[in-house]
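I opened this one to see how the chain is put together. Notes follow in the order I looked things up.

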Amino acid sequence: MKKIFLFGFVTFVAMQAQAQDNINLDTYIGAQLATEDLNGTARYVGMGGALEALGADITTMASNPAGIGLFRHNEVSGSFGLVMQQDGKSFQDGSKTNASFDQLGIVLSSRTGRNSYLNFGFNFHKSRNFDYVLSAADKAINGSSQNRQTTIKGVRGDLDTYWGESQIDYLYYNMIEEPDHSLSTVDAKEYEFDRAHTGYIGEYDFNLSGNINNRVFLGLTVGVKDVHYSAYSEYFELLNSITTPSLTSVLITDDHHITGTGFDVKAGVIFRPVEESPFRLGLSVSTPTFYRLKTSNTTRIGDVAQMGYDAKFAFYTPWKFGLSAGHTIGREVALGVSYELADYSTNDMRAITEYNYDEWSGYGGYESCSDPVMKRHTEKTLKTVSTLKLGAEYKPDSKLAIRLGYNYVSPMYEENGVRDQTLNSPGTYMASSTDYTNWKATHRVMAGAGFTFDNLRLDVAYQCSLRNGDFYPFMNGLSAQYYDADNKLQTLTNECRGISVKDNRHQLLCTLTYSF
C-alpha cells in the first residue's frame, strides 16, 4: 500500500456528505452502464451473436425477440465459464481470472395450427461483466497534478457554484494547499493509478413469440435489468513541494458502488421473402433502458480525511435498431450477419426531482429531469456506435457442429473527448474521481463447437475481445490567468497526456441444453 505524508499541518477529519436528491452522474459513468458485452449461450457466442435472423437460440430474445418463434420444441439451458484479462495486474478485489455464471433460460413451445406455433420464454443472461483491472503510470508534464487542477479551478471561479466543490476539490483545497488557498501549488513528479472494477448487469427477459404459416415470425420481450457495479481506485502522486518540503506524496482512494434496476421493451420480426427459400431477414428495435439507480461513495485522502455521499438518480440509455439476415444450406451450413445501431450521444443522466406517493393505492413513483449541461457534454463526447456481427456454423455430422464468429464495434468516444470537470453540473461537482479513458474500436473473434447426445446438447465457445484506449488522470489543458504581487498577468496551466491502455479479454463458455 502506498503511503501519504502530510506532516505538520493536517489533522484527521471525517465527513459524510448527504447529496441532494437532484443529483446525477457524468457522461463517462453513463457510458460504462450503457454498453453491453457479447454474452449468452455458447452457440450464440461461438457464432458471433449473428443469430438475429437465424433464430432458434434462447439468447436472441434479448436482441431479436422473433428468434424464439422458430422453436419447435421445449428447451432449457444454462451457461457458465471463465473470463480472463490478458493485461494488467490483480488489484484489491479485482482479479485477472474470474468464474462467471452467464445464462439460464427456458422456452415452452406449443402448436396453434398446422404450421403455426406460440412460444413463451424466459432467460437470464449477464449483459455486462464489469470485472476489469486498469493500471496506468506516467511522469507528470510541467509538474501537472490533481492538486494543481483544483487550484486552477479556484482561480477560474469554477468552485464558486450552487453545487459547491467536488469531493476531490474539497479534499485538495482544504487539506493540502496553503490555508489562504494561495497559488503555491504542489507540483507532481509522476503518478500511478490502479482501479479494480467488479460486478455485472443481469438481464431477465420475458418473451412471447410465434409464427404465421412458418414464414413470418413475430416476438416481443420485456426485460428487467439488475445493476451491481463496484470500483475501487488508488491514485498516487509523487510530489515536488517547495513551500512544504515534508509533503512528499499524496494518495487518493475512491470506493464507488452503483446498484439499482431498469427495464426495456424489445420487438422483432423475421420473415422469409421467398417461400421456397430458407433465406430470411430480421428487423428489431429496443426502447431505452429506463434505470432507477443508487450511487454510494467514499473518497479518502490517505488516512487523514474522507468524504462520501449516497444519492439516487435516473439514467436512460439510447434506442437500438437491428437489421439481420440468415441463410441455411441443407442441414449442414448456417450463415448469419447482423447490424446494430445505437446513438450513445443520447444517453441521459437524470436527476430525481420528486417522489410521489399515492395514499389511496399505496404506490409511489419517482419524477426525474434531464441535466441540460451534462446532456450537451454527452452529445459532444459520445457518438453513434455501429456493431457488425458475422457468424457461421458447419455440421459435418448430425451430432457435431463447428462455429466461427467475428464482431466489429465502432468507437463510442470522440477522439478528443474529455471528462470536463469545469461543467456547472451536479454530475461534475459531486464527482469522486477525475480520470477517464477514451476507448477505441472493439474487435471480437470467436470459435465454438456443439455436441449432441439424444436430447442433451453440450456447446463450448471461446471469445477473444480486444480494444485499446487513451487514459487521462484528469482533464487535459486546463489553464487560468491571474495577477501576481507585482500586478503582472500570469498564466497557470495543468497539462497531461493520454497513456495507452488495453482491455483485452478471453472468455471460455460452456452451455448445457436439454430439449423435451
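I took helices (H or I, at least four residues) and strands (E, at least two) as DSSP runs, numbered from the N terminus. On that basis I get 6 helices and 23 strands for the chain. Housekeeping: this is a predicted model, where local features need pLDDT of at least 70, side-chain atom pairs count only at pLDDT 80 or more, and totals for chains, interfaces and linings use all residues. Residues are numbered from 1 along each chain as its sequence is written, and side-chain values use heavy atoms, with hydrogens and water left out.

**Entry: whole chain.** I call a residue buried under 20% relative accessible area, exposed over 50% and partly exposed in between (1.4 Å probe, protein chains only). The chain has 516 residues, and 55% of them count as buried. Contacts mean heavy atoms within 4.5 Å. Among contacts with a separation of 6 or more, 74% come from residues 24 or more positions apart.

**Entry: helices.** How many of the 8 residues of H1 are buried? I find 7 in this helix (residues 27–34), so H1 is largely enclosed by the rest of the structure. Those buried include Tyr-28, Ile-29 and Leu-33.

Next I went to H5, residues 372–381, where Met-374, His-377, Thr-378 and Thr-381 are buried. Looking down the axis of H5, I see the buried residues fall within an arc of 100 degrees, so they line one face of the helix; the arc is that of the directions from the helix axis to the C-beta atoms. They pack against H1 and helix H6 (426–429).

I also checked polar contacts: pairs of N or O atoms within 3.5 Å, where within protein one must be able to donate a hydrogen and the other to accept it, and residues adjacent in sequence count only if both atoms are side-chain atoms. Asp-371 caps the N-terminal end of H5, with a side-chain oxygen 3.1 Å from the backbone nitrogen of Val-373.

**Entry: strands.** I let two strands pair if DSSP finds at least two bridges between them. E8 (249–271) pairs with E10 (residues 290–301) in the antiparallel sense over 12 bridges. Phe-263 stands opposite Phe-290 in E10. E10 also pairs antiparallel with E11 (residues 305–316), over 12 bridges, and Leu-293 sits opposite Phe-313 in E11. The hairpin of E10 and E11 has 3 residues between the strands, and there Gly-302 takes a positive phi near 55 degrees.

Entry: Is Asn-211 buried or exposed? It is buried, at a relative accessible area of 7%, and it is found in strand E6 (residues 187–212). A polar atom of the Asn-211 side chain lies 2.9 Å from the backbone nitrogen of Asn-214. Asn-115 is 96 residues from Asn-211 along the chain, yet their C-alpha atoms are separated by 8.1 Å.

Ser-277 lies in the loop between E8 and E9 (280–286). Its side chain has a polar atom 3.1 Å from the backbone nitrogen of Phe-279. Leaving out residues up to four places away in sequence, Ser-277 touches Arg-272 and His-327.

**Entry: cysteines.** With a disulfide as a pair of cysteine sulfur atoms within 2.5 Å, I count 0 disulfides. Cys-496 is buried at 7% relative accessible area, while Cys-369, at 35%, counts as partly exposed.
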